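Here are my notes on the model you asked about.

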Amino acid sequence: MSPHVLILGGTTEARELAAVLAARPGVRVTTSLAGRVSRPGALDGEVRTGGFGGARGLAAWIRDQDVAAVVDATHPFAAGITANAARAAAATGIPLVALRRPGWSPGPGDRWHDVPSLEAAAALLPSLGRRALLTTGRLGLATFAHVRDVHFVVRSVEPPEPPLPADTRLVLARGPFTLADELALLRTHRVDVLVTKDSGGAATSPKLAAARTLGLPVVVVRRPALPDGVTAVPDVAGALERLGFAAR
């Protein structure tokens, strides 16, 4: 029987891994998407959309579909999905690989303020600026809804659902964005502080370079820890090696 790999997707790395595995003879690959973006791009292999019903539902799907291994290639802040994947893998006795691009590190000239959560970011923000570019994703905006005396510029692929901060300017745009794009956005809206999650990778880092160029403070929400016993690989090659597929 062909090995069946389940990818919990939603990231660029998940897309790349699906393409590599789908091109290999005798390998079946299914990418599961949470369905939070209404128009996801094309994916190689099979695609499943929607939740599993928690760890038990995921374990049942793994057994029913004869899944041989799971790759958690979700966003680094999708802690609930990651926890369910860890419990389901343990219940079914199959390997789990966490694919996580490395996080960001500050460099010379950066004015970063690390915080452990969105709640901590919301508490710190008013002391750093009055015009904030908020790039923490649609699902985290409610955490900032109570913050007053701050004008928020919110960039999102799709319109977010309320609650939103009272003073919000919505910018609908899809990346990747260049340094010139980010500098123009910050200057146009007179942003004086950036709030972001440590998603890592080069695709979303130009905003950090733009903040550095303009001397702006940056509130960086650091990633939640992985569940006990789960370790991460930094790239597709590492995931292939962990799965037992020699790189080609």
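The points below go through the sheet, the strands and the helix contacts in turn.

1. Basis. This is a predicted model, in which local features need pLDDT of at least 70 and side-chain atom pairs count only at pLDDT 80 or more, while totals for chains, interfaces and linings use all residues. Residues are numbered from 1 along each chain as its sequence is written, and side-chain values use heavy atoms, with hydrogens and water left out. Helices (H or I, at least four residues) and strands (E, at least two) are DSSP runs numbered from the N terminus.

2. Six strands form an open sheet in the order 6-11-10-7-8-9, with parallel pairing; two strands pair if DSSP finds at least two bridges between them. Strand 6 (111-115) and strand 9 (168-172) are the edges, each pairing on one side only. On average, neighbouring strands of this sheet are turned by 20° against each other, direction ignored. Within the sheet, strand 7 (residues 131-135) and strand 8 (residues 151-156) run parallel and are joined by four bridges. Leu 134 has Val 154 of strand 8 as its bridge partner.

3. Helix 6 on the sheet. Helix 6 (residues 206-214) lies across strands 6, 7, 8, 10 (193-197) and 11 (217-221), and runs at about 155° to strand 10. Angles run from 0 to 180 degrees between N-to-C directions, and axes are lines fitted to C-alpha atoms, for helices over the stretch in contact. Pro 206, Lys 207, Leu 208, Ala 209, Ala 210 and Ala 211 are the buried residues of helix 6, where buried means under 20% relative accessible area (1.4 Å probe, protein chains only). Besides strands 6, 7, 8, 10 and 11, these buried residues pack against helix 5 (179-188).

4. Strand 1. What encloses strand 1 is the rest of the structure, and largely so, because five of its five residues are buried. His 4, Leu 6 and Leu 8 lie on one side and Val 5 and Ile 7 on the other, so that both faces are covered. Strand 1 runs parallel to strand 2, with five bridges between them. Leu 8 is opposite Ser 32 of strand 2.

5. Helix 2 and helix 3. The axes of helix 2 (residues 54-64) and helix 3 (residues 79-92) cross at roughly 50° and come within 8 Å. The contact (heavy atoms within 4.5 Å) involves residues including Leu 58 and Ile 62 of helix 2 and Ala 85 and Ala 88 of helix 3. Buried residues of helix 2 are Ala 55, Gly 57, Leu 58, Ala 59, Trp 61 and Ile 62. They pack against strand 1 (4-8), strand 2 (28-33), strand 3 (46-49), strand 4 (69-72) and helix 3. Just after helix 2, Asp 66 has a positive phi of about 50°.

6. Helix 1 and helix 7. Helix 1 (residues 12-22) packs on helix 7 (residues 236-243) at an angle of about 50°, with the axes 10 Å apart. These two helices are therefore oblique to each other. Among the contact residues are Leu 17 and Val 20 of helix 1 and Val 236 and Leu 240 of helix 7.

How values were computed
Parallel < 35°, antiparallel > 145°, perpendicular 65-115°, else oblique. Buried < 20%, exposed > 50% of the residue type's maximum accessible area, 1.4 Å probe, protein only.
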